[in-house]
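Subject: Structure for your files

Hello,

Here is the structure I said I would pass on. My notes on it follow below.

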Amino acid sequence: MFSRLCFAGRNLLRNESPQSTNTSPRITPQPSPPPITTNIHQENVGGTTYFYPTAANHQLTPSSTVNTTDNTFVHIASSQINLSYTHPGHVYPGPASHVINMQSKAQVSAAFFMQDELRNDILARNEIVNSIENDSQDIPLEVENYHSLCLLESLPLHPKLPLPSSTYRATHAVTGVKYCLRRLHGFRLQSTKCMQVVDKWKKLQHTNIVQLREVFTTKTFGDNSLVIVYDYHPGSQTLLSKYFASVPETNGYTDPFAGEARPFSHKSSLHRTAATSLLPENEIWSIIIQLSAGLRAIHQAGLACRTLDPTKIIVTGKRIRYSCVGISDIFTFDPNQQNQLTVLDHQQQEDLLALGKLILALACRSLQSVQRDQIQSSVELVSRHYSSDLRNILICLLNTNTRRSVTEIMPMIGARFYVQLDALQAQCDIQEDELAKEMENGRLYRLLVKLGCINERPELNLDVTWSETGDRYMLKLFRDYLFHTVTEDGRPWLNQSHIVQCLNKLDAGTMEKVQLMSRDEQSVLVVTYAELKHCLDQAFSELVAASDGTV
Ligand SMILES: Nc1ncnc2c1ncn2[C@@H]1O[C@H](COP(=O)(O)OP(=O)(O)OP(=O)(O)O)[C@@H](O)[C@H]1O
């Protein structure tokens, strides 16, 4: 069967558009088509010119039309408009009720746009990732497989540290993926046997642990440096900077987190003290749940964190992650170590103590609260302001007289786990709905790209009439119908739903008919979206074939 296009007189068309309403637009005129030379057979019957795409080109069912002997009639009754798309999946059905009602302003219109908070978060993260690279003279242009190194620390190296370290963002030369590089300055790897433990860390995947990717030594920095490569989480801040206000150092102050637990911190002796207000208990539990989840994974993998320190835990949005895993194991690796299991057990107990101190410091909003002589009064403060469960968890973790296990924390978290799970699932629902919207945007974007590549193309394969003839002419008229429609009195008719609907129908290739008119209003085509889709695919295939093949 042929698809039949009718180029008929213009006059009766205007008010009979399928989109017609009282305020309906009229179709922006296009010049009449130049003679169609390819794949179309034309015939004049009773003064009306009919165009037939050749069978090889169109295996579609016939489109509408059209006809009259008086050369004027092109009519599609509104009852014929088929709004049931052949692929219902091609239309975003609007927000789910459980999602729209989760939002503070339960307005349906708002739900068609990305939430401000989410958009701003994503924009801020993108800005951080794309921010100008560090132009410091001291940073090499390339280190092994990484380039565009950019220092992440705001403070210079702390001179008191026995082992200086630096943290960089860097780009992988092959994949272009950004990573976080931690460099241990002046460090010589004593034995490659420690790569066994590195492999263990590499295999450990958990949503509360920054993934360790690889370790290498390098002289590119002008010394022997060890570089540990981690995943990069833009927009992160350390637990220290998020929850503890900083004050200048004071003489004689001892950092409660100093010592073996944080040998890589530049701020080991940085003095942090009480911030303005206590944290809501829910927030503390959210941190406890995440930290204990990560720690449980670490301990179950036969490892110990050993850097459970507020500067070595990062917060990205609401997510908490251990950010410096494995370094202690590399740094203190002893190939002749006997009693590995005893050492591991000791280190895991130290982790639990450090976790207890961290929770206590968070609950009191003060790092000093975990100094030996302050612990008692700090726990009392917690008892006064928070639930007995929080106090119990602290007493369990801080009690070094008994052997504890991270799994003991679970029963104390109890039903709060459900609260956390519920919050996460609600977040998933919202994000899934955002994804549905963005999926639609992506699909429509690809259609527009195809149309844009075809419309107004000055030439293809030396044919300067390519974009104006044959299938492409229909696409040009369709483009005008999409974007250049005007109202009866000639004003632009800007209606996004018209554009989205038409593109959806095009993508679905529906059998609904659309009426297209040339700019000089001398010609009208009535054509199905299925045919337009075919034209689009055909024309774009021609472009791809003539290109270098990359799309
Ligand atoms: N994997 C990561 N992805 C993104 N940013 C990270 C990552 N790890 C650390 N950061 C950020 O890099 C910065 C420096 O991290 P680092 O661990 O050196 O902390 P720090 O505050 O400099 O602590 P210290 O100086 O005491 O070692 C921090 O702002 C931290 O949020």
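**Domains and overall make-up**

The C-alpha centres of domain 1 and domain 2 are 55 Å apart. Please keep in mind that this is a predicted model. The domain assignment of the protein chain puts domain 1 at 138–245 + 278–404, and domain 2 at 435–548.

As for secondary structure, the protein chain has 15 helices and 18 strands. Of its 551 residues, 33% are buried. Taking the contacts in the protein chain between residues at least 6 apart in sequence, 69% are between residues at least 24 apart.

**The span 415–453**

An unreviewed UniProt entry gives residues 415–453 the feature "coiled-coil region". In the model, this span is 97% helix and 0% strand. The C-alpha atoms at the ends of residues 415–453 are 57 Å apart.

**A sheet of 3 strands**

I also looked at one open sheet, formed by 3 strands in the order S11-S14-S15, with antiparallel pairing. Strand S11 (237–238) and strand S15 (319–322) are at the edges and have a single partner strand each, so one side of each lacks a neighbour in the sheet.

Strand S14 covers residues 313–316, and its antiparallel pairing with S15 runs over 4 bridges. Which residue in S15 does Ile314 stand opposite? That residue is Arg321.

Regards

Key. Residues are numbered from 1 along each chain as its sequence is written. This is a predicted model: local features need pLDDT of at least 70, side-chain atom pairs count only at pLDDT 80 or more; totals for chains, interfaces and linings use all residues. Two strands pair if DSSP finds at least two bridges between them. Helices (H or I, at least four residues) and strands (E, at least two) are DSSP runs, numbered from the N terminus. A residue is buried if 20 or more other C-beta atoms lie within 10 Å of its own, exposed if 12 or fewer, and partly exposed in between; C-beta atoms are placed from the backbone. Two residues are in contact if their C-beta atoms, placed from the backbone, lie within 7 Å. Domain bounds come from an automatic or database domain assignment. UniProt positions are given in the numbering used here, feature names are shortened, and annotations may be inferred rather than shown by experiment.
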